[in-house]
Amino acid sequence: MFVRDGPRNALSQWTCMLVLLFVFGAYYGVTGCSEADYVSFNGICYKDFAEEKTYEEARQTCARDGGLLAMPKDDAINTFIHDLSGGAIRWIGLNDINNEGQFVFEDGQTLEEASYSNWKRGEPNDLGRRGEDCAQIYTSEHAWNDAPCDRTWGFICQLGTEVGRACEREWLTITCAEGGTILVSHANYGRTSSTYCTEGPRVTDTDCTSETSQDIVSETCNGETHCSILASNSVFGDPCVGTHKYLEVGYSCVQPGNTTATTVQMTVTTMDTQGYCPEAVVETETEPVVFPRTEGGDFSYSVERCPSFPGK
Ligand SMILES: [Ca+2]
Ligand SMILES: [Ca+2]
């Protein structure tokens with residue numbers, strides 16, 4: 001019996017491994033996040049941690065992944081991250097440790113600045129002798145409560161604090177100010193939402209992902225203070241022919257020597273390709289021209305993008 005079952009067991013183990021590899025690969029490809037098990041939502045990657053830690057320990061766990069405790073700054077994100085935990089109680093990246101009553105997100109933004117909060121009625125109440133300075137998400141309405149920071153709960157981390165987008169054939173330019181450098185956490189050239197870049201065909205196709213995006217954008221932008229990348233098929237290939245696509249990049253600006261993804265002032269601008277057509281270079285159909293790095297990176301582009309190109 002062992003002899004007969006041996007090969008079959010081995011075969012099923014292989015099948016199982018292949019299935020697991022495929023599922024993991026597909027999952028990783030779809031999420032496009034730089035760390036495994038993180039799931040992207042509108043450009044930012046999130047992960048639920050069920051293991052219970054104090055607020056500070058949870059903070060450190062997120063930092064080890066290059067991230068921060070999750071900062072829900074609108075209803076959609078708030079609901080999404082709480083659903084990740086199955087509605088369990090979780091620390092979020094919001095506290096009034098430094099200044100009683102003045103709640104601040106982990107990236108330094110105050111609740112007033114973020115203009116979003118979802119406290120349960122009667123919260124925050126800073127209850128007890130030691131007070132309550134750390135926020136958690138905890139009800140079926142995804143409402144928040146302040147709790148003692150040294151209590152232990154599960155928590156949710158996020159990678160990236162900012163999102164930049166450029167519609168197909170536009171440039172996405174990311175700049176970190178104050179000496180910060182770019183750390184890309186998520187990138188996708190394709191379409192996962194019908195909300196952005198709606199001027200084009202098939203914008204309801206929201207299942208379009210390019211598995212190479214993460215690598216290409218990371219290679220171009222990580223460690224730089226500034227980077228530009230063209231949202232086009234010539235850079236990423238065409239993951240869904242006929243659909244009007246956009247490039248979405250989730251990132252943080254990290255201070256040198258700081259292992260935690262600290263947010264500093266940053267700007268994202270998109271520029272029309274036309275603005276970058278160099279005048280002194282001649283392009284032919286067969287030999288695509290490479291942009292000098294000062295003009296936005298060394299990507300080749302096609303004739304159609306620079307119709308007024310000299311020499312054409
Ligand atoms: Ca408090
Ligand atoms: Ca409370």
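Helices here are DSSP runs of H or I with at least four residues, and strands are E runs of at least two, numbered from the N terminus. By that count, the protein has six helices and 16 strands. The model is predicted.

Start with confidence. The average pLDDT of the protein is 81, and 72% of the residues score at least 70. Residues 16-29 fall below 50, and this stretch has three contacts in the model beyond near neighbours in sequence. Residues 261-312 also stay under 50 in pLDDT. For them the model has 97 contacts beyond four places in sequence. Where pLDDT is low, the predicted coordinates should not be read in detail.

Next, the overall packing. The protein has 312 residues, and 37% of them count as buried. Take the contacts with a separation of 6 or more: residues 24 or more positions apart account for 72% of them.

Now the largest nonpolar core. It holds 32 residues. Those touching the most other members are Tyr46, Leu69, Ala70, Trp91, Ile92, Phe155 and Ile156. At least two residues each come from S2, H2, S3, S4, S6, S7 (144-147) and S8. S8 gives the largest share, five residues. A second, separate core has 25 residues, including Ala166, Ile229, Ala231 and Leu247.

Leaving aside residues up to four places away in sequence, leucine 69 touches Ala58, Arg59, Cys62, Trp91, Ile92, Gly93, Glu106, Phe155 and Cys157. Leucine 68 sits in strand S3. A residue is buried if 20 or more other C-beta atoms lie within 10 Å of its own. Leucine 68 has 23, so it is buried.

Helix H2 covers residues 55-64, and its buried residues are Tyr55, Ala58, Arg59 and Cys62. Viewed down the axis of H2, these fall within an arc of 105°, so they line one face of the helix. What covers them? The cover includes strands S2 (44-53), S3 (68-69), S4 (90-95), S6 (134-137) and S8 (153-159). Just after H2, glycine 66 adopts a positive phi of about 80°.

Asn78, Ile81 and His82 are buried in H3. Down the axis of H3 the buried residues span an arc within 100°, so they too line one face of the helix. Ala76 and Asp83, on the other side of H3, are exposed. The buried residues of H3 pack against S2, S6 and S8.

Turn to a sheet elsewhere in the chain. Strands of a sheet pair through backbone hydrogen bonds, either parallel or antiparallel. This open sheet has three strands in the order S9-S13-S11, with antiparallel pairing. S9 (162-167) and S11 stand at the edges with a single partner strand each, so one side of each lacks a neighbour in the sheet. On average, neighbouring strands of this sheet are turned by 20° against each other, direction ignored.

The pairings can be followed strand by strand. S11 and S13 (246-254) pair over nine bridges. Threonine 181 stands opposite valine 254 in S13. S9 and S13 pair over six bridges. Glycine 164 has valine 249 as its bridge partner in S13.

Helix H5, residues 213-221, lies across S11 and S13 and runs at about 150° to S11.

Histidine 226 lies in strand S12, residues 226-230. It has 14 C-beta neighbours inside 10 Å, so it counts as partly exposed. Histidine 226 and isoleucine 182 are 44 residues apart along the chain, yet their C-alpha atoms are separated by 7.4 Å.

Conventions. Residues are numbered from 1 along each chain as its sequence is written. Chains are lettered from A and ligands numbered from 1 in the order in which they are written. This is a predicted model: local features need pLDDT of at least 70, side-chain atom pairs count only at pLDDT 80 or more; totals for chains, interfaces and linings use all residues. Two strands pair if DSSP finds at least two bridges between them. A residue is buried if 20 or more other C-beta atoms lie within 10 Å of its own, exposed if 12 or fewer, and partly exposed in between; C-beta atoms are placed from the backbone. The arc is that of the directions from the helix axis to the C-beta atoms. Two residues are in contact if their C-beta atoms, placed from the backbone, lie within 7 Å. Axes are lines fitted to C-alpha atoms, for helices over the stretch in contact, and angles run from 0 to 180 degrees between N-to-C directions. A nonpolar core is a set of buried Ala, Val, Leu, Ile, Met, Phe, Trp, Tyr and Cys residues joined through C-beta atoms within 7 Å. pLDDT is the predictor's confidence in each residue, from 0 to 100.
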